[in-house]
Amino acid sequence: MNQFDVIIIGGGIVGMAAACALGAAGMTVAVVEARAPVVDTGVRDARVFAITRASERIFRALGAWDAISARDICAFREMRVWDAGGSGAVHFDCADIGEPYLGHIIEPRFIQAALLERLQGLAGVQLYCPAQFRDTEIDGDQVTVALDDATTLTARLVVAADGARSPLRERLGIQVREHDYRQSGLVALVKTEHGHRETAWQRFLPGGPLAFLPMSGGWSSIVWTLPSEEVKRLLALDKEAFHAALGEAFDLRLGRIIESEQRKTFPLRRLHAAQYISKRAALIGDAAHTIHPLAGQGVNLGLLDAAALAEVVADAQARGKDVGSVPVLRRYERWRRGENQLMMSAMDGFNLLFSNARPPLRWARNLGLSMMDAAGTAKDVLMRHAMGLEGDLPALARSPDAVSETT
Ligand SMILES: Cc1cc2nc3c(=O)[nH]c(=O)nc-3n(C[C@H](O)[C@H](O)[C@H](O)COP(=O)(O)OP(=O)(O)OC[C@H]3O[C@@H](n4cnc5c(N)ncnc54)[C@H](O)[C@@H]3O)c2cc1C
């Protein structure tokens with residue numbers, strides 16, 4: 001009864017998406033999640049996700065998009081990025097590439113609820129929740145997983161989708177390269193004097209980028225990256241002083257800050273697993289990589305991992321191959337590790353370049369921003385990549401209705 005094709009440890013957005021994809025492909029899947037499902041109390045999430053078009057297609061293909069898009073989500077059609085230390089600026093507009101929008105800003109609770117509903121409707125998928133992964137043994141052609149309540153599960157493949165601190169990755173002995181940015185992300189919901197114009201805004205300050213992401217009802221979710229000490233100071237401010245500091249940091253681009261709620265912080269680290277696979281095991285999402293939030297790509301990359309792994313594994317199953325064998329899993333690792341590395345390096349490069357106040361660098365980056373803005377075709381290609389409309393995408397991220405959308 002406790003035997004499956006695949007066991008997934010971690011039922012966050014990435015783990016649930018992988019389970020839906022594998023379940024829809026006819027495989028039997030166990031999902032082990034430590035936290036009980038969150039009861040939606042109607043309180044807005046302060047931390048929101050900028051969801052790319054590729055991720056939207058994955059949700060569509062998994063049958064979760066209708067439920068997500070029925071909630072209070074906000075499309076963003078433009079993106080404006082500028083440097084506090086000069087006149088360099090870039091403006092991305094979906095109209096320039098004939099698209100209706102660049103992406104959506106979505107609260108995680110909407111995505112979690114939609115995926116949970118889909119997952120519970122799949123006959124081959126069983127959710128163990130709340131239940132905690134305790135240990136695993138790999139023995140010949142099977143992997144055994146022990147849970148904290150003494151349940152034992154077996155499968156041919158175990159997947160770590162258990163987040164940045166991944167207990168399964170640790171148990172497998174997979175090493176990570178880690179870097180502490182010595183920065184934290186301050187998130188909050190804010191209301192501004194002027195409307196956000198369905199635009200994602202990002203101002204690069206010497207301490208790190210400050211983003212305003214559009215939400216419904218004229219609210220924005222901010223992500224303000226700062227040295228950790230500075231974040232502590234901002235957290236302690238009363239509302240009035242916080243609004244003044246935030247308005248100034250944002251150069252009053254949307255007027256004064258007139259309301260705010262839910263100030264929270266997240267420590268920022270970069271982490272990349274040296275391997276994404278070992279015998280009968282694969283890592284996806286934050287268990288494989290955590291990335292600087294400045295381009296809002298973390299969960300989007302994780303969803304591409306989930307779709308790619310599901311594609312590789314379902315394909316192997318259909319051809320009668322062992323889905324937990326290293327040659328099968330290697331295909332997934334080759335596909336995703338390089339792509340993720342590229343995005344991580346690009347984000348680190350941006351962060352380093354923009355945090356530097358030395359005049360020659362400041363001059364060079366402002367020139368770079370202005371050149372990028374004037375680059376025409378190159379800018380359009382960059383925009384399409386960031387939206388997930390180009391690149392070596394898994395089949396789920398190339399769903400047919402999305403293809404007709406773009407033509
Ligand atoms: C400030 C900030 C802003 C961000 N903004 C964006 C954005 O705009 N766009 C974007 O794409 N990304 C963004 N990210 C990144 C995004 O938050 C992560 O990439 C994403 O949440 C990772 O999802 P995951 O499912 O891989 O991991 P998680 O969400 O961490 O899920 C892991 C799950 O595993 C479970 N688990 C852990 N241990 C066990 C165990 N022993 N047994 C069973 N279950 C276990 C946990 O309970 C959890 O549910 C941002 C991050 C930060 C910090």
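With a relative accessibility of 7%, A211 counts as buried, a label given to residues under 20% relative accessible area, with exposed meaning over 50% and partly exposed in between (1.4 Å probe, protein chains only). The model is predicted, so that local features need pLDDT of at least 70 and side-chain atom pairs count only at pLDDT 80 or more, while totals for chains, interfaces and linings use all residues. Residues are numbered from 1 along each chain as its sequence is written, and side-chain values use heavy atoms, with hydrogens and water left out.

**Surroundings of A211**

- A211 is found in strand 15, where strands (E, at least two residues) and helices (H or I, at least four) are DSSP runs numbered from the N terminus.
- Apart from neighbours within four places in sequence, A211 is in contact (heavy atoms within 4.5 Å) with W201, Q202, S221, I222 and V223.
- From C-alpha to C-alpha, A211 and T225 are 8.6 Å apart in space, and they are 14 residues apart in sequence.

**Aromatic pairs**

- Five aromatic pairs are found in a search of the whole structure, a pair being rings of Phe, Tyr and Trp (its six-membered ring) with centres within 6.5 Å, counted as stacked with planes under 30 degrees apart, edge-to-face over 60 and tilted for the rest.
- The F4 and Y128 rings are edge-to-face, because their centres are 6.3 Å apart and their planes stand at 90°.
- This pair links distant parts of the chain, with F4 in the segment before strand 1 (6-9) and Y128 in strand 8 (residues 125-128), 124 residues apart; both F4 and Y128 are buried.
- The F212 and F250 rings have centres 3.8 Å apart and planes at 15°, so this pair is stacked.
- F212 lies in strand 15 (residues 208-214) and F250 in the loop between helix 7 (239-249) and strand 17 (257-273), 38 residues apart; both F212 and F250 are buried, and together with W82 and W201 they form one aromatic cluster.

**Whole chain**

- The protein chain has 12 helices and 20 strands.
- Its radius of gyration is 21 Å, close to the 22 Å that the globule rule gives for 407 residues, so the chain is as compact as a globular protein of that length; the radius is taken over C-alpha atoms, and the rule is 2.2 Å times the number of residues to the power 0.38.
- Buried residues make up 51% of the 407 residues in the protein chain.
- Of the contacts between residues at least 6 apart in sequence, 74% join residues at least 24 apart.
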